[in-house]
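Please open the structure in your viewer and keep the selection tool at hand. The tour below moves from one selection to the next and says what is found at each stop.

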Amino acid sequence: MSFLDDLQTLRTEALAAFGAAKDAAALEQARIRFLGAKGSLKAFAKRMKEVPPAEKPQAGKQLNEASAELEAAFAAAQAACGKPAAASGPKLDVTEPLPPEQRPEIGRRHPLTRTVDRLRELLGALGFEVVEGPEVEDERHNFDDLNIPADHPSRDSFDTFFLDGSRALLRSQTSTVQVRVMESRKPPLRVIAPGRVYRPDKIDATHASTFHQIEGLYVDRGVSMADLRGTLQLFVEGLFGAGTRVRFRPSFFPFTEPSAEMDASCPACGGSGCNVCKGTGWVELGGCGMVDPNVFLAVNRARGDNAYDPEVWTGFAFGFGIERMAMRRHGIDDLRLFLENDLRFLRQV
Amino acid sequence: MKLPLSWLQEFLEGGLTPKVLSDACKRWELHGSDDPARMLATLLTFAGFEVESVEGSGLDAVLDLTVLANRPDCQGLAGLAREVAAILGVRFLPPPCEVAAAGAPAAESAQVSVEDAALCPRYTARVIRGVKVGPSPDWLQARLRSMGLIPRNNIVDVTNYVLFELNQPLHAFDLNKLAGRKIVVRRARDKEAFKPLYGELPPLTSETLVIADAQRPVAVGGIIGGAGSEVSPETVDILLESAYFDPANTRRTCRRLKVGTDSSYRFERGIDPDAVAQASARAARLIAEVAGGAVAPGLIDTRPQPRAERPIELRFARLESLYGVRVPPAESRRILETLGCTVREERADKLVVLAPTWRRGDLEREADLIEEVARLYGYHRIPAETAMRARIPNRSPLEIASERVRDHCTGLGYFECWTDTLVDPQWPAPPVWTAAAPLKLDPRSVLREDHSALRNALATSLLAVARHNQDHRTGTARLFELGKIFLPHAGAALEERRVLGLYDAAGFAPLADTLARLSDALELDGARLALRPAETGPDWLAPGSACRVVRIRETGDHERAENPIGWLGLAGAALLKAFDLRGQPAYAELDLEALAHLPTGPRRYRPLPTQPVVVRDVAVVVSEDVLWHDIESFAQAQAAHEPLRAAGEPPRFLSAYRGKQLGAGRKSLAFSVVYRHRERSLTDEEVNAAHERFVAALLPKFNAELRK
C-alpha cells in the first residue's frame with residue numbers, strides 16, 4: 001500500500017474516532033492513539049524515510065495537511081465535549097521520591113572546613129590574608145621568640161610533643177606563624193593562620209592532642225587596643241549577628257602585653273543567659289592582646305635588621321579554637337568526632 | 001588558689017564591706033550582687049584572676065581562683081590582698097612582723113655558708129630557742145584547713161601559714177640535729193645519699209642544690225626537707241630558713257626528681273628576694289606566740305642588700321596610643337601607686353616609676369606598666385573603633401585550588417575527612433611518596449602508642465576511616481581529604497607536603513572519572529590531567545590497575561606527559577587485608593601543591609557552530625592490550641586529514657564489552673565519531689564515505705574487527 005493511500009486511511013479512521021467518542025476519556029484515548037507521541041501520525045512521520053525522493057515533497061505536504069486537519073478535528077470534538085482543553089495527564093503521587101539509584105549522594109565539606117571557611121570569609125572581608133606555617137617546629141619559634149623562656153612555668157600551658165632523635169617538636173599553638181611571617185615579610189601585616197596544633201593532653205570529650213586554632217596578626221603604625229576591639233566587634237557581628245557585643249577580661253599570654261580573654265554576647269540568648277552560655281550571657285571566643293615588644297625584638301634578631309622597631313610599629317594578635325566554635329555552633333558534645341569521620345556524623349553536620 | 005574572704009579582709013583597711021564592693025562594681029560597669037563574695041568574684045575575674053568557684057556566701061565564702069604565670073606575687077594571701085586593695089581603692093594593711101628578741105645572738109648558735117650563690121642568691125637563718133612543740137591553736141588550724149592543708153604541729157603549721165600568707169616558703173630545722181650546727185648551701189655530689197621527709201626520690205646529681213649540715217644534705221633547696229633534721233615533739237631549738245632559690249634550677253630539679261611541693265611551686269615562679277627577711281620575722285613572731293621560745297637577736301643573712309633599683313619610664317602618649325584610651329596622668333599615677341609602685345619623677349609627658357620588690361619579676365618594662373594601668377583603669381573603656389584601612393587580601397594558588405577541589409569532590413558525592421597526622425607505627429607504610437619510614441615521636445613524649453608516628457602518606461589514614469565506616473555500616477564510603485604528610489629527606493629539612501587523598505568504595509571507574517573531570521574544576525589552562533598506566537606499578541596498588549596521574553600539555557596534537565602528580569588504582573591486597581576492608585575500593589593520592597601550581601585561566605569562548613553534527617557509531621573488537629586512549633588519539637590524529645570531521649570534537653566513548661563470544665583477551669569498544677562541516681549541512685553519502693575511510697584505516701591499525 002502506498003504511503004499516500006495509507007495516510008488517507010488514517011485520516012478517515014481518526015476523524016471517525018473523534019466523532020464517535022462519547023466522553024472525555026474515550027476522546028483522550030483516541031487522541032493518544034492517533035496524535036500521541038507513539039501514535040499513528042508519528043509513525044507516519046517515520047515512514048517518510050522510505051518515500052522515494054521524487055515523491056517526498058508531495059508526501060510531506062500531505063502529511064502536514066493531515067496533521068493539521070486531525071488536530072483541528074480533535075480540538076473541535078474536545079470543545080463539544082465541554083471539557084477544558086488541558087487534558088488530564090497521568091496522576092502523580094507528589095510525595096513519591098526519586099528512586100535511590102537515580103539519586104546520587106551529594107558530599108559535604110567537613111565541619112571544621114566550614115568553620116575555617118566562615119572565619120576566612122569574615123576576616124578576609126576585613127582584609128586578613130591567609131598564611132600557613134610548618135607544623136613541625138623548633139624551640140625558637142615555638143617558645144623563645146614567643147617570649148616563653150626555657151625553664152619557665154609559662155611553658156607548662158604549652159606542653160609539646162618532641163620528635164625522636166632531634167630537638168624538633170610539633171607546634172603547640174599557631175602563634176608560631178606570627179614569628180614566621182614577620183621573619184619573611186616587612187610590616188605592615190594583616191594575616192590569619194588557621195592550622196593544626198598538638199598538645200600532649202589527655203584525650204576525652206572536650207580535649208584532644210591534635211586540634212586546630214586560627215591565629216590573627218595585624219601590625220601597622222599606631223595600632224591600639226581600640227583597633228583590636230573594633231576589629232573583633234565587626235567580626236563577632238558577622239559571626240553571630242548584629243547587636244552582638246565583645247568584652248575583654250585581663251589575662252596573660254607570654255607573647256602579648258596587655259593580654260586579654262575575649263568574650264562575645266551569647267548568640268543563642270543575646271546575653272540573658274541560657275544553656276549555651278551556661279547562664280552567664282557570654283561565650284568565650286579565645287585570647288588576644290597587643291604583640292609583646294619582646295616578640296618584635298626576637299624577630300629583628302632573627303632577621304638581622306630593625307624591620308619591626310617597637311617604637312614605630314605596634315600590633316595586635318588573637319587566637320580562637322576551631323573545634324570549640326564548631327561544637328558550639330552545631331551542638332556537638334564530643335571533640336573526638338571531628339577526627340573520626342564517621343559518615344553518619346559528616347552527613348549530619 | 002583558695003581565697004578565704006575572712007582571712008583576706010584582715011589585710012584591707014575597713015574590711016570587705018558591701019558598699020566598697022558595689023562602688024567598685026559600678027566604676028567597672030559590672031553587675032552588683034547581694035552577696036559580697038559574688039561581687040568580689042566578678043571584680044577579681046575582671047582584674048585578670050578568673051574565679052572558678054565560690055564556696056559559701058558572704059564573708060565566710062572561699063573563692064577558688066586561677067593565678068596566671070605572670071603574677072607569682074599572688075600565690076599568697078597578702079599579694080592577692082594588695083591586688084584587691086588596688087581594685088577597691090582601699091589601703092592595704094600588712095601583717096605585723098615585729099618580733100622581740102632575747103638571749104645570745106643567733107650567730108653564736110649557728111653558721112651559714114653558701115657555696116653556689118647563683119643557685120641561691122640569698123639565704124637567711126633565724127634561731128629560736130626553747131620552743132614547746134605541740135598542736136597549733138584553733139584559729140591557725142582553721143586557717144590552714146581553709147587552704148586545704150592538714151595541721152601537723154605548731155612549728156610546721158606556722159611555716160605553712162607564712163607560705164600562704166606572704167608567699168614565702170620557709171623550713172624549720174631542729175637546730176640540735178644539724179651536725180656542727182652548720183648550714184652549707186651547695187650542689188649535691190653525684191648520687192649523694194638523701195632521705196626525704198616523705199616519699200622517695202631518684203638519686204641526687206650535681207645539678208641539685210641541697211641544704212646540708214656539716215655532714216650530709218638535710219634538704220633539697222626549695223623543694224623538700226630531709227628526714228632526721230625535721231621538727232619533732234622533742235625539738236627545743238629551731239633554725240628557721242627563709243631563702244630565695246633560683247627559679248629555673250628549681251624547676252629543672254623538680255622535673256628531674258619528679259617531685260613538686262607548695263614550696264617548689266612558688267620558687268619556680270619566683271618569690272620576692274627582698275622580702276625574705278620580713279617573712280622570717282613574721283614567722284618567728286608567730287612561733288614565739290604559739291610555741292613559746294625566745295627569738296635570738298640578729299638574722300644570719302648571706303645577702304642583706306636589696307637589689308639595685310631599675311626605674312621604668314611610662315610615656316603618657318605611648319600609653320594612650322597602645323591602650324586606645326586617654327588616661328589622666330594623675331589617674332595613671334594613682335593606679336601605679338596603689339599597686340605599690342614608687343613614682344620617682346613626674347614630668348609633663350611621662351612618669352619614672354620603680355616597681356615594688358614583689359613585682360620586680362613581672363613589671364620590668366613600659367609595656368608591663370601600660371598593662372597595669374589599662375587593666376585597672378578598665379578594659380571596658382576601650383572603644384570599639386578601628387582605623388584599619390580597607391584592603392582586599394591576596395588568595396594563594398593553594399587556597400584557590402583547594403576550594404575548587406572541595407567543590408568538585410563534594411559535588412560528585414565524596415565526603416571530606418580530617419584525619420589525625422599522628423598515626424599508628426604498626427600500620428603498613430605504603431611508599432606513596434617516599435621509601436623512608438614515617439618519623440616517630442620521642443618515646444618520652446608519646447601519649448598513645450597508636451598515635452606516635454608522623455604519617456608519610458594520606459592513604460592509611462583514609463583506609464582507617466573506611467574501616468571505621470565499614471564496621472558501623474554507614475554506607476558506601478567515598479571520602480577525600482586535603483591533608484599534610486611529612487617526608488623526611490636525608491641531609492635536608494623535613495618536608496611538609498599537602499596532598500589530596502581520595503578513597504572510593506564505588507571502585508576504579510568512578511574515581512578515575514572524578515580525576516578526569518578535575519581538570520575542568522581546576523580551570524586548567526592549556527593542559528589537563530590524564531591517567532597513564534604505571535609500567536612497574538607501586539605495589540600498594542593492585543597490579544593492572546595502577547596508574548600515574550600526569551599532566552598532559554595540549555600543544556597542537558602533541559602530548560607530553562610531565563612528572564607524575566600522583567597515583568590512582570585499586571587498593572592493593574596487602575593494604576586491604578591490613579585494614580580488613582572488603583570489596584574493591586579505589587584510592588588516589590595527588591600532590592596538591594603541584595596541582596595548585598598548574599597554570600589556570602578563564603575558559604575561552606569559541607563561536608557556536610552553525611551546522612548540526614552527524615554522529616556515526618562504531619564498535620570494534622580488539623585485544624585487551626589496546627587502550628581506549630590509543631584509539632582516541634588515532635581518531636584525533638586522523639581528524640586532521642579529514643575535512644568532514646568536526647575540529648576539536650574527539651570521538652565519544654560509548655561502552656566497553658567483554659564476553660565469552662568475543663573470546664579471551666578480546667573486548668569490544670563502542671564509540672561515536674562526530675562529523676560536521678563549518679558552512680553547510682552534510683549529506684548522508686559524504687558522511688558515509690568519510691566514515692568508511694575512517695574505519696578502513698582504524699581496523700588494520702589496531703588489528704580490529706567490526707563488532708557484528
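Axes here are lines fitted to C-alpha atoms, for helices over the stretch in contact, and angles run from 0 to 180 degrees between N-to-C directions. Helices (H or I, at least four residues) and strands (E, at least two) are DSSP runs, numbered from the N terminus. This is a predicted model, in which local features need pLDDT of at least 70 and side-chain atom pairs count only at pLDDT 80 or more, while totals for chains, interfaces and linings use all residues. Residues are numbered from 1 along each chain as its sequence is written, chains are lettered from A and ligands numbered from 1 in the order in which they are written, and side-chain values use heavy atoms, with hydrogens and water left out.

**The domains**

Begin by colouring chain A by its domains, whose bounds come from an automatic or database domain assignment: domain 1 covers 3-81 and domain 2 covers 111-348. The centres of domain 1 and domain 2 of chain A, taken over C-alpha atoms, are separated by 77 Å.

**A helix pair in chain B**

Select residues 18-27 of chain B, which form helix H2, together with residues 36-45, which form helix H3; the two pack at an angle of about 35 degrees, with their axes 10 Å apart. Where they meet (contact means heavy atoms within 4.5 Å), H2(B) contributes B:Pro18, B:Leu21, B:Ser22, B:Ala24 and B:Cys25, and H3(B) contributes B:Pro36, B:Met39, B:Leu40 and B:Leu43.

**An open sheet in chain B**

Now show strands S14, S16 and S15 of chain B, which in that order form an open, antiparallel sheet; strands pair if DSSP finds at least two bridges between them. Strand S14 (312-315) and strand S15 (342-346) of chain B each have a single partner strand and stand at the edges, so one side of each is left without a neighbour in the sheet. From one strand to the next, the twist averages 30 degrees. Four bridges link S15(B) and strand S16 (residues 350-354) in the antiparallel sense, and B:Glu345 stands opposite B:Val352 in S16(B).

**A covered strand in chain B**

Is strand S21 (residues 478-487) of chain B mostly covered or uncovered? Select it, and you will find that 10 of its 10 residues are buried, so to speak mostly covered, where buried means under 20% relative accessible area, exposed over 50% and partly exposed in between (1.4 Å probe, protein chains only). On one side are B:Arg478, B:Phe480, B:Leu482, B:Lys484 and B:Phe486, and on the other B:Leu479, B:Glu481, B:Gly483, B:Ile485 and B:Leu487.

Strand S17 (residues 415-416) of chain B runs parallel to S21(B) and is joined to it by two bridges, with B:Glu416 opposite B:Phe480. Strand S22 (residues 495-504) of chain B pairs with S21(B) in the antiparallel sense over 10 bridges, and there B:Gly483 stands opposite B:Val499.

**A last stop**

Finish at B:Ile400 in helix H13 (residues 397-411) of chain B, which counts as partly exposed because its relative accessibility is 27%. B:Ile400 and B:Leu522 are 122 residues apart in sequence, and their C-alpha atoms are 8.7 Å apart in space.
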